[in-house]
Amino acid sequence: MDDVSMIVTGCHDGQICLWDLSSDLEINPRALLFGHTASVTCLSKASASSEKQYIVSASESGEMCLWDVNDGRCIEYTKLACTHTGIQFYQFTVGTQREGRLLCHGHYPEILVVDATSLEVLYSLVSKISPDWISSMSIIRSHRTQEDTVVAVSVTGILKVWIVTSEDTEPIFEEESKPIYCQNCQSISFCAFTQRSLLVVCSKYWRVFDAGDYSLLCSVPSENGQTWTGGDFVSADKVIIWTEDGQSFIYKLPASCLPASDTFRSDVGKVVENLNPPQLHCVVDKAVGKSDKQLLICPPVTRFFYGRRECFHKLLIQGDSTGRLSIWSVPETLDQQNVTEGGAFEVY
């Protein structure tokens, strides 16, 4: 949840686990929820109210469940003929009322917009050009207009852009469709610190784009057979990228990627090999032996959270198929070793 007081995880057997997180980052299991008959594929918050703490879950069989995490009840259930692989909560204001939507993508060539209370499909974001399954998406909120932007990357590496408003009820076609050659996209993240950059992580490389015109700013290939599985911005000038074996790497972006720099966009138009590369800043790794990693039946799931509490927390959270949940607190200044229960930062 946004206040980083609770963590929600999903299991291969369909169970949902709720974990309480104390102010000193101690994890305690709270409840086990039963509602799915197949593996959980994605989770998302489903409300922004502190009074109504709702989450939504989806499974491989097309099931969707809306949960009240205060008492563990499943308060709404539906089943679709398609499988969701990603859900994001989207809230907007109509008059004095706040309403919630769930933007869902998966094994179908569109983004479904679902009511966050009834789980009813309201309309969809569709493509005129090269319709295909969506690998990942991000919602860019506008603070100046009533229009927000949904940016997504398809499985074939096509970047799609839709404009959404609170008044939409009919299918919306994309505003832009641009090949960015990012196959096997694992995640796409908008930089909340600069409001200008997009991070696209693919299995064999990650790239930063200018969110203004989607020009390529930098590109980093994987090394030593690593497979990237996601990433996010931890500050205006640093990104964290994680792998399928549970490691995470923090990179410092070059000045050509920073909007506040005089050399911003100076590498636009250059071939990938000539771009100014980011520098590896530190490595985050669990104190887990090779034999323990071999026990995993699937890669661990890692997420970065920038949440509110007494102060802002930057947390890296990782769960794996053994039931282990690990947390790292990402310090504001990465200039000293920082050890938590989950693992350690090795600073370069």
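Predicted model: local features only at pLDDT ≥ 70, side-chain atom pairs only at ≥ 80, totals over all residues.
1. Begin with the open sheet of 3 strands, which has the order β1-β2-β3 and antiparallel pairing. Its edge strands are β1, covering 6–10, and β3, covering 27–34, and each of them pairs on one side only. From one strand to the next, the twist averages 25°.

2. **Inside that sheet.** Take a look at how strand β2, residues 15–21, meets β3: the two run antiparallel and are joined by 7 bridges.

3. **An exposed arginine.** Next, find arginine 98 in strand β9, which spans residues 97–106. Is arginine 98 buried or exposed? With a relative accessible area of 63%, arginine 98 is exposed, because the cut-off for that class is over 50%. Not counting residues up to four places away in sequence, arginine 98 touches Gln91, Phe92 and Thr93. Serine 49 is 49 residues from arginine 98 in sequence, while their C-alpha atoms are 9.6 Å apart in space.

4. **A second sheet.** Further along, 4 strands form an open sheet in the order β17-β18-β19-β20, and here too the pairing is antiparallel. The edge strands are β17 (185–190) and β20, each pairing on one side only. With direction ignored, neighbouring strands of this sheet are turned by 15° against each other on average. Within the sheet, β18 and β19 pair in the antiparallel sense over 5 bridges, and leucine 199 stands opposite valine 208 in β19.

5. **The largest nonpolar core.** Which residues have the most contacts inside the largest nonpolar core? They are Leu199, Trp206, Val239, Ile241, Tyr251 and Leu253, in a core of 19 residues. At least two residues of this core come from each of β18 (197–202), β19 (205–210), β20 (216–221), β21 (228–235), β22 (238–243) and β23 (248–252). The largest share, 3 residues, is supplied by β20.

6. **A salt bridge across the sequence.** The structure holds 14 salt bridges. In one of these, the side chains of aspartate 210 and arginine 265 meet at 2.6 Å, N to O. Aspartate 210 lies in strand β19 and arginine 265 in the loop between β23 and β24 (279–286), so the pair ties together parts that are 55 residues apart in sequence. Aspartate 210 is buried, with a relative accessible area of 0%, whereas arginine 265 is partly exposed at 27%.

7. **Two further salt bridges.** Aspartate 267 and lysine 270 meet through their side chains in a salt bridge of 2.9 Å, N to O. Here aspartate 267 is buried, with a relative accessible area of 6%, and lysine 270 is partly exposed, at 41%. Aspartate 320 forms a salt bridge with arginine 324, and their closest N and O atoms are 3.5 Å apart. At 12% relative accessibility aspartate 320 counts as buried, while arginine 324 counts as partly exposed at 35%. Salt bridges that share partners also make one network, joining Arg196, Asp210, Asp213 and Arg265.

8. **Glycine 319 and its surroundings.** To finish, turn to glycine 319 in strand β26, residues 312–319. Its contacts, leaving aside neighbours within four places in sequence, are Pro300, Val301, Arg324 and Leu325. Arg324 is also the salt-bridge partner of aspartate 320. How far apart are the C-alpha atoms of glycine 319 and proline 300? They are separated by 5.6 Å, although the two residues are 19 residues apart along the chain.

Terms used: Residues numbered from 1 in each chain as written. Heavy atoms only, no water. Pairing = 2+ DSSP bridges. Axes fitted to C-alpha atoms, helices over the stretch in contact; angles between N-to-C directions. Core = buried A, V, L, I, M, F, W, Y, C linked by side-chain atoms within 4.5 Å. Buried < 20%, exposed > 50% of the residue type's maximum accessible area, 1.4 Å probe, protein only. Contact = heavy atoms within 4.5 Å. Salt bridge = Lys/Arg side-chain N within 4 Å of Asp/Glu carboxyl O.
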